[in-house]
Amino acid sequence: MSQTEVTILKALLAAGDAFVSGSELAKELGISRVAVWSRLEKLRAAGFVFDAVRHRGYRLVREPDRLSETLVRAHLDLVGAGKTRLFVLPTVDSTNSEAERRLADATETPFAVLAGAQTRGRGRLGRTWHSPPEGNLYMSFAFRPHRGAGRMQTITLRLGLAICRFLREKHGVPVKVKWPNDLVIGGKKAAGMLTEARVDADRMRDLVFGIGINVLGDTSGWPRDVASMATALAPHATEPILLNKLAADLIPLVSAEYAEFMENPHKEGFAEEWKAIDALHGRAVNTRQGNTSLRGTARGIDGDGNLLIEKTDGKLAAVHSGEVSIGTGAVLF
Ligand code: BTN
């Protein structure tokens, strides 16, 4: 990744639909106009589309649908988050695993790991997360909380809710939270979260929050069983979604929500906020944890993030972990 290209993209992004003069860019960067042109050619080869008009300059017409470190950094710089510690890889086994390796190597936290594709993307309960190279985001955020593990119990729900609200508010996506770790649209999964922690004597040393988001929606090459249960954000959005801009929006959002969580893990009104966009609320559900299953009606979450199930006898049960299916049939997600 070159800082010169980040600067060029920043200028083009800031200009929006307007043209940016090649000679001004060259002056700002202390390079020749030909050098500016050749950088733009390099970006073109990476999927960017520019208009180039004599005596007017350049304009960015289209961003690539693949992860671009240069573009994520340019977007981050523009929102004042250019100093974020970030590792962007074209491909990796799993961004969660990479974050764990970097934590073990004493990398300073917080940091984020993003990858264009994953060869061994991991889901909950030992599942695989299908991670092809185009149209999706794979990101992990690493922290060292140094707090009691019990205090961190609801972190995935808090981060998931914050991301869900952002997608609804900024992009008009009718996405909902599905306890404990999914974002769904119309019953299909658009994103999954995987939080992994290392705990020493009840103190949480490391925490990795990973999220995979189906952003652009071409599921044609996906395995059939995955494609039938999955959806993506963009086809449901009322405002356009750009993959790299979304990554750059979510990085500071997750960092800010984490910081707020550390200040205030038991946020007042959280259960109510959850209820407003809870995909399970009032639905007949079947929860399963190991060999134990429970049927009833989902009634939101309690202050500790447990799923509340109203059983057939009318009593409430709090489910701490496991998975949930809607209806009485097989597991949906
Ligand atoms: C699930 O729904 O089971 C959780 C899926 C989590 C997938 C993300 S993609 C980025 C990060 N790296 C991984 O290997 N998994 C998480």
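This report walks through a predicted model, from its overall build to a few local details of the backbone.

## Overall build

Let's start with the whole chain. The protein's secondary structure amounts to nine helices and 15 strands. Its radius of gyration is 22 Å, close to the 20 Å that the globule rule gives for 333 residues, so the protein is as compact as a globular protein of that length.

Of the 333 residues, 48% count as buried. Contacts that reach along the chain can be looked at too: among those between residues at least 6 apart in sequence, 62% join residues at least 24 apart.

## Helices H1 and H4

Helix H1 covers residues 3-15 and helix H4 covers residues 69-78; the two pack with their axes 8 Å apart, at an angle of about 55°. H1 and H4 are therefore oblique to each other, and their crossing is right-handed.

On the H1 side, the residues that meet H4 are Gln3, Glu5, Val6, Leu9, Lys10, Leu13 and Ala14. Their partners in H4 are Thr70, Leu71, Arg73, Ala74, His75, Asp77 and Leu78. Sorted by class, this contact has seven nonpolar, three polar and four charged residues.

H4 is mostly covered, with seven of its ten residues buried. These buried residues are Thr70, Leu71, Val72, Arg73, Ala74, His75 and Leu76. Their cover includes H1, strand S3 (86-92) and helix H8 (243-263).

After H4 comes Gly80, which has a positive phi near 75°.

## The loop between H5 and S4

The loop between helix H5 (95-104) and strand S4 (111-118) holds Thr107. Thr107 has 15% relative accessibility, below the 20% cut-off, and therefore counts as buried. Beyond its neighbours within four places in sequence, Thr107 is in contact with Phe87, Arg102 and Arg144.

Pro110 lies in this loop between H5 and S4 as well. The peptide bond leading from Thr109 to Pro110 is cis, with omega near -5°.

## Other backbone details to look at

For background, most residues other than glycine have a negative phi, and most peptide bonds are trans. Another cis peptide bond joins Trp179 and Pro180, where omega is about 0°. Pro180 is placed in the loop between strand S7 (176-178) and strand S8 (182-185).

His55 is not a glycine, yet has a positive phi of about 65°. You will find His55 in the loop between strand S1 (49-53) and strand S2 (57-62), and with a relative accessible area of 79% it is exposed. His146 also has a positive phi, near 50°, in a residue other than glycine. His146 sits in the loop between strand S5 (136-143) and strand S6 (147-148), and its relative accessible area of 43% makes it partly exposed.

Definitions and conventions:
Residues numbered from 1 in each chain as written. Predicted model: local features only at pLDDT ≥ 70, side-chain atom pairs only at ≥ 80, totals over all residues. Heavy atoms only, no water. Axes fitted to C-alpha atoms, helices over the stretch in contact; angles between N-to-C directions. Helix = DSSP H or I, 4+ residues; strand = E, 2+ residues; numbered from the N terminus. Parallel < 35°, antiparallel > 145°, perpendicular 65-115°, else oblique. Left-handed = near helix turned anticlockwise from the far one by under 90°. Contact = heavy atoms within 4.5 Å. Nonpolar A, V, L, I, M, F, W, Y, C, P; charged D, E, K, R; others polar. Rg over C-alpha atoms; globule rule 2.2 N^0.38 Å. Buried < 20%, exposed > 50% of the residue type's maximum accessible area, 1.4 Å probe, protein only.
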